[in-house]
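Please look over the structure shown here before reading on. The paragraphs after it lead from the overall fold to single side chains.

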Amino acid sequence: MYVKDKDGKYTTDLSTGWDVKKQALDNAWDDIKERTEEARIAVKNGEKSPIYYFMELRLMDFPVLSGYTGFWAFTIKRHMKPNVFKSLSEKKLAIYAKAFEISVEDLKNFKGSLEVDSRQQ
């Protein structure tokens, strides 16, 4: 990036605003990591289905996931309940797996372990 030096001449260097931008990006990524970890723990504790975790991991929200799957947002919220998730058809699981770019088996068998997480990133 071109910036002015102390003599007013243009030179290549990082702008003074770069530190602010970098800090903002670092904070955003920290927030994402925290949300993903909270989702992983919720799945591990049986509070949410794996759909919740993979939605966070893939940086999706309800409208985005709805667009990929064709399911209404309220349906996705319902599928995040572990007891509802267990009863989903293979066809619906395949739709979610495709959206998350994982296998149906990884989706069905994710219990909050970090082993699948590290393969997915």
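Predicted model: local features only at pLDDT ≥ 70, side-chain atom pairs only at ≥ 80, totals over all residues.

Residues are numbered from 1 along each chain as its sequence is written, and side-chain values use heavy atoms, with hydrogens and water left out.

The protein has eight helices and two strands. Read from the N terminus, the order is β-β-α-α-α-α-α-α-α-α. Of the 121 residues, 33% are buried; buried means under 20% relative accessible area, exposed means over 50%, and partly exposed lies in between (1.4 Å probe, protein chains only). The protein exposes about 8400 Å², and carbon and sulfur atoms supply 53% of that area. Accessible areas come from the Shrake-Rupley method with a 1.4 Å probe, and for residues only the protein chains shown count as cover. Among contacts (heavy atoms within 4.5 Å) with a separation of 6 or more, 45% are between residues 24 or more positions apart.

Next come the charged side chains. Side chains of opposite charge can pair when their charged atoms come close. A salt bridge here is a side-chain nitrogen of Lys or Arg within 4 Å of a carboxyl oxygen of Asp or Glu, and by this rule the count is five.

One of them joins Arg35 to Glu56, with the closest N and O atoms 3.0 Å apart. This pair links distant parts of the chain, as Arg35 is in helix 1 and Glu56, 21 residues away, is in helix 2 (residues 50-57). Arg35 counts as partly exposed because its relative accessibility is 46%, whereas Glu56, at 10%, counts as buried.

Glu37 and Arg40 form a salt bridge whose closest N and O atoms are 2.7 Å apart. The two residues are three apart in helix 1, so about one helical turn separates them. Glu37 is partly exposed at 33% relative accessibility, and Arg40 is buried at 10%.

Glu90 and Lys108 also meet in a salt bridge, at 2.9 Å from N to O. Glu90 is in helix 6 (residues 90-100) and Lys108 in helix 7 (residues 104-109), 18 residues apart, and the pair links distant parts of the chain. Glu90, at 47% relative accessibility, is partly exposed, as is Lys108 at 27%. Together with Glu105, these two residues are linked in a network of salt bridges.

Which residues form a negative surface patch? Asp30, Asp31, Glu34 and Glu38 do. Patch residues have over 30% relative accessible area and no salt bridge; like charges are joined within 9 Å, and nonpolar side chains (Val, Leu, Ile, Met, Phe, Trp, Tyr) within 5 Å. Asp31 lies in helix 1 (residues 18-44) and is partly exposed, with a relative accessible area of 46%.

Finally, is His79 buried or exposed? His79 is buried because its relative accessibility is 2%. This histidine is in helix 4 (residues 73-79). Leaving aside residues up to four places away in sequence, His79 touches Ser49, Ile51, Phe71, Val84, Phe85, Leu88, Lys92 and Tyr96.

Conventions. Helix = DSSP H or I, 4+ residues; strand = E, 2+ residues; numbered from the N terminus. Lys, Arg positive; Asp, Glu negative; His and termini not counted. Charge placed at Lys NZ, Arg CZ, Asp CG, Glu CD.
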